[in-house]
Amino acid sequence: MDLDVHTTARERLVSELREHALVIGEVVLTSGAIAGYLVDVKRAILLRDGFLALGELVAAQASEWGATAVGGMTMGADPIACAALAGGADVKAFFVRKEAKQHGLSRRIEGPLLHSGDRCMLVEDVVTTGGSTIRALEALRAEGRQVCGVLAICDRLAGGADAIEAAAGAPFVALTTIDDVYPERPDR
């Protein structure tokens, strides 16, 4: 598919999410809640057009916040942090493990070493309750790192954004919401 040069990166991302990431049917969310749909963003952002649009958006937000590092809880944040690098952001990418490795360097935060002066932008694929993002935030704080903001690809509008912003004491931005991706959903 050729990209229309007049289409913004956000519009391209929403289009890719609608086409590739929206799964309609009963699913269990990470939070344990049962929902009638899922936005599996990796289905869209691990394709060229979705990845390119995401890279542009994440790099722009990293620049706006003066971030020097981009990452979050592993799996959800991994492709987003890599997209920031591909989009031209002058940052370090990092991944937060659920638990510290029990071998090797026994690190919980993987990637280039983060320093006390680094401004970390936390990223997440989909936010529902905000639990996994808050766990990544706690891991960063445990190592004395500063969070300059939190960016999500899609906010399900289920209260997670407020919980994250309160916990982070930093701004939260969602590139899209469930209203953009699934405007005709029955629970609207």
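I began with Thr 176, which counts as buried because its relative accessibility is 0% (buried: under 20% relative accessible area, 1.4 Å probe, protein chains only). The model is predicted; local features need pLDDT of at least 70, side-chain atom pairs count only at pLDDT 80 or more, and totals for chains, interfaces and linings use all residues. Residues are numbered from 1 along each chain as its sequence is written, and side-chain values use heavy atoms, with hydrogens and water left out.

I placed Thr 176 in strand E8 (residues 172–177) (strands are DSSP runs of at least two residues, E; helices are runs of at least four, H or I; both are numbered from the N terminus). I found its side chain 2.7 Å from the backbone oxygen of Ile 153. Beyond four places in sequence, I listed contacts of Thr 176 that include Arg 10, Leu 13, Cys 154 and Asp 155 (contact: heavy atoms within 4.5 Å).

Asp 155 is buried and has no salt bridge; Arg 156, the nearest side chain of opposite charge, is 7.7 Å away (salt bridge: a side-chain nitrogen of Lys or Arg within 4 Å of a carboxyl oxygen of Asp or Glu; Lys and Arg count as positive, Asp and Glu as negative, with His and the chain ends not counted).

I then traced the open sheet: six strands in the order E5-E4-E3-E6-E7-E8, with mixed pairing (strands pair if DSSP finds at least two bridges between them). Strand E5 (109–110) and E8 each have a single partner strand, so one side of each lacks a neighbour in the sheet.

Terms used. Buried < 20%, exposed > 50% of the residue type's maximum accessible area, 1.4 Å probe, protein only. Polar contact = N/O pair within 3.5 Å; in protein donor to acceptor, adjacent residues only side chain to side chain.
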